[in-house]
Amino acid sequence: MENSRLSPTCQKPKFWRPRAFIGVLVILFSAFVSAMSWANEKTPDITELSVEDLMEVTIETVSKFEQRVIEAPASVSIITSEEIKKYGYRNLADLLRGVRGFFVNYDRAYHYLGIRGFSRGGDYNTRFLLLIDGHRINETIYDTATIGNELPLDIDLIDRVEVIRGPGSSLYGTNAIFGIINIITRKGGDLKGFEASGEAGSFYTYKGRLSYGNKFEKGLEVLVSGSLYDSQGDQKLYYGEYDSPATNFGIAKDCDDEGYGSFFGKASFYDFTLQGAYHKRKKEVPTGSWGTVFNSQGNRIIDERAYLDLKYERELAYELKFKGRLYYDDYFYGGDYIFDFAAPGNPPLLATAKDRTYSEAVGGEMNLSKTLFKKHQLILGGEYRYAFRQDQAYSEIIPIFDDHRTGWNWALYLQDEFEILKNLKLNAGVRYDDYSTFGGTFNPRGSIIYLPFEKTVLKLIYGRAFRAPNVYELYYTDNSTMKSNRNLDPEKIQNVEFVFHQYLGFNLWGTATVYYQRIDDLISQQVDPADGFLVFRNVDKVEGKGLELELEGKWKNGFRGRLSYVLQKTKDRETNETLVNSPSHLFKFNGIVPIWKEKLFVGLEEQFTSQRKTSGGHHAGAFFITNLTLFSQNLVKDLEISASVYNLFNKKYGDPVGEEHLQDEIKQDGRTFRFKITYRF
Amino acid sequence: MVRRCLRASFIVFTLAMLIWGPNVSAESMQSKEYLIKVAFLYNFIKFVDWPSESFKNGAAPINLCVLGDDPFGEALDTIRNKRVKGRRLVIKRVRRVEQIEGAHLLFISTSEKGRVKEILKSLADAPVLTISEMEGFGQNGGIINFITVDNKIQFEINSEKAQQHKLKISSQLLKLARIVRSES
């Protein structure tokens, strides 16, 4: 078992014994193989099919890499729902681990996303902009881009994820420092009825989902879905740093529970789309972070996120498009931390400290796009957001801090895509953002896309982006160790990159990227020597450069794969040292192999991450992870079954974590399993 | 050590599977798209009327020509010599435009992409149903163009062009098609 070496008393339920499980898989697999050799289906006479019938037959598209990837003025990756199923992704973090250049850390509270050698412990993915169908998910208090089970969307409802690398503030504003992750949800018409899904996995993890979607004749399209998730988590986690009799010899028992409930709905009618989501996730935190009492149930975090979004899209006149959006956002965070308030040497005096954060905002956005002289594609837009509630409160038995703020920001942006020649395009844009907190910022972006030959694409891209200081950084104080700083400025990044795409034959597509980036005014917490308080300041400067290579292949029979390697060097410009948690090498392989007809597939993932420096000055070792999924569809009509093994070789490794932990690195899960059934009716 | 060997052999096995595995099943599935397209071709014949002078006599066969690299392979042979509208279906695979003499249906392969305009021009208004599967084929003066929408095969028809070629396409087929127009 994954932790047997660490905690000899650890016992997993027998059902999940890896050997037995693999045995079962092998038997099932052989059964399929023998069944298929008997089947020997007779091909029907195709000439008897009518045109209507023929138009309903699904085929695999010929290897055509999405136009969006080729023409986008950025380095883009697209992951589809098909890959989500066939690689057995359980959440967005799983998906992003498989994307070129990304690395993900987990500290058993949240998942932390890194790219281009940058991922700071304890910050909540604030330098990525996360969108669901264009709706901003990052909230205003902590700026969190939620990629774990706190994402307000069941991963099964994703149609595709578009990852757009590099600064994107010229269109999207704050947070788009390293890139934009845009989730596009499935259409109601794709479901044509009900879909029920159930899954069970290691650590007594269960998830259920019921969805309904349809497109009606009058043009109404709806999708509604609800999910429930519950996991006991690793019931015995061992942390050497706590290995003393007073802290249960370093074992956190039954402290890793997680659960969520999620609702999502959308309806489109003519030019209108109304979308709403509600999601609540609870997680027990077993690591003793923030100095909480170790091995004590009740150290808990709650993330609640809801939104409503009304979108209107219409072609007003020939080649003149209008897009408008009105939204309401709601966010709640609750942290319960159990502290020992007794003086050293006295018997323990446990009490729960409570962190409570609320945020509510309304906003709107509109833009016009127009094609001019057949050569210019102009976009002019603006947006406004008013956060009418931004409350932070902290209490340790008695209230210590209670802060209420409102805030607004508006922006104007303009972008032009100029087709100079048939094979040469210039894309330039600029956006001005104005914030009630720090004032204004300009962020431009420009790119040249050139296709010297039919199968070659070259892109040169320059961009600047910013991240506005958030409410937590500006105002949070506990009056004993932390003080606020209202004079924070936005963080800034400048990035230049060169992208080279090349078709290699018909089925292969190669990408090479080199980039150079400079980040200034990074907001970091440091000690004010005047009074000894911790305070956020615009201090750090970072420089990064790197090379990214990827080879992608798609074949008509359903066989596809991606192979990527990233070499990166990201350092602090003051100390000239490589950043903490910054791997120099990342290697990834993803492959889907059709085993039998279009019914049985194997999805394989190989991921290598080189060693990373920890905040304690040590190194978290390099590791190599293999994930394997056996996926079947239509063995029985409308039924999908999959079985996945994650970390197949039970590799023991840890992720560097933020300084709120006593641990320098947090051990990650060993081999785990998941079994999943989805049925449409 | 044992673990490492196991791991190495697993990776080798998987890679081997990746390299050789798909080829086994590829054959049958790769042609599925073209098997469907062949069935479409066969169906088109039923919904299109050629002027009677395009046939030598009442028993003359219907000629289907594939110009350029043949994407259909064996799939096309499933309809060879089939009887449709009381005539035998004859299939010819040709390389040069001069060889298409007498064709009723002309499938222009994507290998001819570079010179598709010339080919269409050389046909003038001859009663030939031109079919292809390239972007803008209909707009360039082709008659039927296969497109793929949501992994399903659909088709565009340039009905004006069909009239110019003196071909009558049944409204039943037009209803299912996306109608396109020539763009000069």
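Modeller: In this predicted model, A:Thr80 stands opposite A:Arg160 in E6(A). The strand labels follow DSSP runs, numbered from the N terminus, where helices (H or I) have at least four residues and strands (E) at least two. Residues are numbered from 1 along each chain as its sequence is written, chains are lettered from A and ligands numbered from 1 in the order in which they are written. Local features need pLDDT of at least 70 and side-chain atom pairs count only at pLDDT 80 or more, while totals for chains, interfaces and linings use all residues; side-chain values use heavy atoms, with hydrogens and water left out.

Biologist: In which sense do E1(A) and E6(A) pair, parallel or antiparallel?

Modeller: E1(A) and strand E6 (residues 158-165) of chain A pair in the antiparallel sense, over five bridges. Two strands count as paired if DSSP finds at least two bridges between them.

Biologist: And what is the strand order of the open sheet?

Modeller: The open sheet has five strands in the order E1-E6-E7-E4-E5 (chain A), and its pairing is mixed. Strand E1 (76-80) and strand E5 (135-136) of chain A stand at the edges with a single partner strand each, so one side of each is left without a neighbour in the sheet.

Biologist: Back to A:Arg160. Which side chain does A:Arg160 meet in a salt bridge?

Modeller: A:Arg160 meets A:Glu162, at 2.5 Å from N to O. A salt bridge here is a side-chain nitrogen of Lys or Arg within 4 Å of a carboxyl oxygen of Asp or Glu.

Biologist: Is A:Glu162 buried or exposed?

Modeller: A:Glu162 is buried, with a relative accessible area of 4%, whereas A:Arg160 is partly exposed at 22%. Buried means under 20% relative accessible area, exposed over 50%, and partly exposed in between (1.4 Å probe, protein chains only).

Biologist: What about B:Glu133 and B:Lys37?

Modeller: Their side chains meet in a salt bridge at 2.6 Å, N to O. Here too distant parts of the chain are linked, with B:Glu133 in the loop between strand E6 (129-132) and E7 of chain B, and B:Lys37 in helix H2 (residues 32-47) of chain B, 96 residues apart. Both B:Glu133 and B:Lys37 are buried.

Biologist: Staying with chain B, how do E7(B) and E8(B) pair?

Modeller: Strand E7 (residues 144-149) and E8(B) are antiparallel over six bridges, and B:Val149 stands opposite B:Lys152 in E8(B). The hairpin has two residues between the strands, and B:Asp150 takes a positive phi near 50° there. E8(B) also pairs with strand E10 (residues 178-179) of chain B, in the parallel sense over two bridges. In that pairing, B:Glu156 stands opposite B:Arg178 in E10(B).

Biologist: How many residues of E8(B) are buried?

Modeller: Five of the six residues of strand E8 (residues 152-157) of chain B are buried.

Biologist: Changing topic: which residues make the nonpolar surface patch?

Modeller: The patch of about 850 Å² includes A:Ile420, A:Leu421, A:Tyr450, A:Tyr462, A:Phe498 and A:Phe500. Patches take residues with over 30% relative accessible area and no salt bridge; like charges are joined within 9 Å, and nonpolar side chains (Val, Leu, Ile, Met, Phe, Trp, Tyr) within 5 Å. The areas come from the Shrake-Rupley method with a 1.4 Å probe, and for residues only the protein chains shown count as cover.

Biologist: Which strand gives the largest share of the patch?

Modeller: E23(A) does, with three residues. A:Phe500 is found in strand E23 of chain A and is partly exposed, at 32% relative accessibility.

Biologist: Lastly, what is the phi of A:Arg108?

Modeller: Phi of A:Arg108 is near 65°, a positive value in a residue other than glycine. A:Arg108 lies in the loop between strand E2 (102-106) and strand E3 (111-115) of chain A, and counts as buried at 2% relative accessibility.
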